[in-house]
Amino acid sequence: MLSKGQVNHITRIVKKRGIKNFSMEEELIDYVSCEVEERVASGEPFDNALSEVIESIPMGSNSTNRELEKLSKTSSMDMIQSYLKVALRNFSRYKINSAINIFGLTISLTACIIIGLYLKYEHSFDKHYPEVDRLYRINTISNLGQTPAHITSASWNLIPAIQEDIPEVEASSNVTLTIINQPLKWKEKAFFDYQLSGVTADFPIMIGLKSIMGDVQNAFSNLNTVILSESRALMIFGEADPIGESIEISMSGKELKLEVVGVYEDLPTNTHFGYGDWTKFSLLVSRETSLGITNNTPSWSSINGSSYVRLNKGTSAKEVAQKINELVVRRNGGEIWYEHYLQPISDIHLNKNEYGIESKGNLGQLRLFVLIGIIIVVIACINYVNLTTAQASVRLKEVGIRKVIGARRRQFIVQFLVEATMTSLLSMVLALVFVLLLIPFLNANFSLGLSLGLTGDFLNMLGFLVLVLVVSLLCGAYPGWYLSKIKTNILLKTGSSARSGGGFFRKVLVALQYATSITLIVATLIITDQMRFMSQKDLGFNKEQVVYIPLDNRISAKYGNLLYTEFIKESGVVAASLTGNSLGDGGMGGNGVLVGDETTAQMLQVLAVDDDFKETLGLEMKEGRWFSNNYKTDREEGFVVNEAFVKHYGLESPIGLPLSRNGQKGKILGVVRDYHFKSMHNEIEPLVMHENDRNQWGYWSIAVRLAPDNTSQTLNQLEDTWSAVVPEFPFEYEFLDQKIDQYYKSDQYFAAVFRVFSSMAIVVSCLGLIGLVTFTAQRRTKEIGVRKVLGASVGGILRLLSQDYLKLILVAAFVSIPVAYLAMESWLENFQYRVGVRPYVFVLGLLITLLLSWLSVGYLSLKAAKSNPAEALRME
Amino acid sequence: MYSKELIRGTLKTIVLKLLSEHGRMYGYEITQKVKEISSNEINLTFGALYPTLHKLEKEGVVTTSSEEVDNRTRKYYSLTSQGAETARLKIEEYYQFSRLMNLIMIS
């Protein structure tokens, strides 16, 4: 038998040879000892025997050893199984917490996915054309006026000139709107709601229109041929074969006959052509045909219609723009009032380069949404971390025992990560289901083309997976790290379960959550405030009960006056006036204006009005007088300007000052109080109002103020009158207030979306709070019992339970108020006319937060406070 | 000494047979027993025996118990109830196989 010292010696040698597994090491020691024992028994000295035995056993880094090690380790499959089992047990043991975690994460992931899809959609605009990186739109900077204006059109002459003179341009086309909403006839049917544009033969190739029927690519070899989109063809011809059919359009008294030669596949919604309603923009004719339709002769000085070019490979857009500008000057035979530059077509929607042109997409709003998405996810992760660490103070024993048995730190972290991953995976699946259900609703209400792309969109799937991973890491890493850090003896000490895990850190996180909630509530309040402000602000005119009836350019000169005089005879009409652009159009035409003895004209906005315009719209005079029938010269020589005009020129006594507009000489009759003829995003600019000859071209619409009752009856009467005068044209009208609301549609969308997302964030925060308080109340059951036995009142206990959170809310308020203030200040800068950030929103935001948190935890606290102390103390 | 391949293929059967006869055994005991029965012809090495034992333990065929013997810990292996059945099948299978091998060899 070997002595203890000999066995120890063997143990040391075996350990030095390094087989790491504990049980294998023991067996090896026994094995070696047995062999040595035998040899010693047969007379060999111990040392000799030992070295021989060790020699005979292969140890170290050979394959046997590796095999042994591999076997001795618990296999990773086993570990994963164990992780999953423990995770599932924890789910079913802490049902409320798990439900809160899953629900919270589901909400936030839903928000996140929708924001992500929206982001992707917004970035997908105009990316699907062939050779899109060489495709540009020719934009124009106008040098008239005090600030250069960016315009998205170019002269009608430009494209043919480019095709002749600039070899760097591979393909080019103008897209010139030629006919809008004239009666379009096929057989017995008539259609109105469409736009017909003239393009060159390059256009279908540049945009990659795909033929469905006929030949779209070579459609324009003959005059008076038309190609149309699939949906438009279906609308007009139904099931019939459209190729070879003729459609008729009556235009300027001419009957136009167009032969359908091709049908192309509809463009997707994410294109800037015909924004939002592509189907309107779906009849294309050749440039030559469109020139034949209109009576306008193209000139270098007038610009209308967009133009697009595709450059040769490796050509710089700047150089081509330079050449185009030189070409324009050369062909025009002298300097001209504008300059061109090229904008990449894929940049048009979001306008990332921030050219001074308007864009439909809004990069700032997108960034804000991304921020909100991140905030919501972080809030849900904070919930998870808080609940897990709080719950872990109960689980400390589990952690302690595992540690004693020999679990390693890494294994704990993995355990918590596995739990977090399971939660986030489950939430992701639920979120995807929600998103799938929401998408049709979102697409219909916000005219978007979102799709989850579950089948085939590899990138989306990857994105979701990354999201799950990130969330799992955010949620699981800290609890695992924190709990495994605590020393084992502390973990196992009785009573230590009363200590909350990570108390301070949790408080910081809760405060952070409150801070974001308060910020979001305040932001929502400010946005709502601004929306209300915009809808209620005095516009300077009365938008209610006013309808605008647009006059076609063939009607305006011939029948405008007649219609107007017929309209004012109707009993339901309070006042009416012939006018130019509608106040809901978002802008006015520009004319060169000279004031006083100035010699250089400025490009200012002008509006054609009539004698009763002031009364119809309810404008107020600041000084001077409005146009009047009593002064015969008003129509030809009178001008009325606004206050901004007076301020712009710094005029002291504007009345009577000579003014000329595009060569029409006259003098200023009066000044009206400023009114918002554009949206509140824009400052009120100088405006010149003038009258036209009622029987001449220039009045584009009739503004009618209706009596407040029997509106629909009056409209019917107006329609009858209209049909009696111009039966071949459809009667259309628009309510001014509705049209003005259109300006703010995107703002209102934004406000609505913002409200939804902030509510989501706040709900998720409240959920976390409920979980935390449930837990605290549970853990303090005994304390509450003792306090009650000793005479504490329900109110006292409620105070006890809520004072922690109250303090946190106040701290959070301190942090969030400046953040919210700065963020919203910069948002409000989008609006020229805005509410300031009023202090009451912060107070209200704080109150709402207090109320919400009290609502979410009040019941639980009350239940804890009212519970029977005997029950609480009987436990154990 | 016989080639590793032959031993490797039958090692499991050898261990199961011994355990089914002797009840519980420790690793060194098994090697000694095999040596004894085979008159020193078959010598199981540490490196071959222990992986087999651990594999069997993992499969639930054998179970272990540790004891303090002569200043060191000794791990004993014995068949589980499931293991007894496995042992029976393995031994049966071996007999059949060797019969067939014989047939092939003498043909």
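Predicted model: local features only at pLDDT ≥ 70, side-chain atom pairs only at ≥ 80, totals over all residues.
Residues are numbered from 1 along each chain as its sequence is written, chains are lettered from A and ligands numbered from 1 in the order in which they are written, and side-chain values use heavy atoms, with hydrogens and water left out.

Chain B contains four helices and three strands, where helices (H or I, at least four residues) and strands (E, at least two) are DSSP runs numbered from the N terminus. Along the sequence these elements follow the pattern α-β-α-α-β-β-α, and the C-alpha atoms of the chain fill a box of roughly 55 × 30 × 20 Å along the principal axes. Of the 107 residues in chain B, 37% are buried, a word that stands for under 20% relative accessible area with a 1.4 Å probe, counting protein chains only. Among the contacts in chain B with a separation of 6 or more, 48% join residues 24 or more positions apart, a contact being heavy atoms within 4.5 Å.

Turning to the cores, a nonpolar core is a set of buried Ala, Val, Leu, Ile, Met, Phe, Trp, Tyr and Cys residues joined through side-chain atoms within 4.5 Å. In the largest one, which has 110 residues, the members that touch the most others are I113(A), L583(A), L617(A), Y675(A) and M689(A). Helix 23 of chain A (residues 745-779) gives this core its largest share, 15 residues, and at least three residues come from each of domain 3 (363-534 + 748-874) and domain 4 (553-728) of chain A, with bounds from an automatic or database domain assignment. Leaving out residues up to four places away in sequence, L583(A) touches several residues, including F541(A), L617(A), Y675(A) and Y743(A). A second, separate core of 42 residues includes V32(A) and V36(A) together with L19(B) and L79(B).

The last stop is P183(A), which sits in the loop between strand 3 (169-180) and strand 4 (184-186) of chain A. P183(A) is buried, with a relative accessible area of 7%, and, beyond its neighbours within four places in sequence, its contacts include F191(A), F192(A), Y194(A) and E728(A). Although P183(A) and F729(A) are 546 residues apart in sequence, their C-alpha atoms are 7.3 Å apart in space.

How values were computed. Buried < 20%, exposed > 50% of the residue type's maximum accessible area, 1.4 Å probe, protein only.
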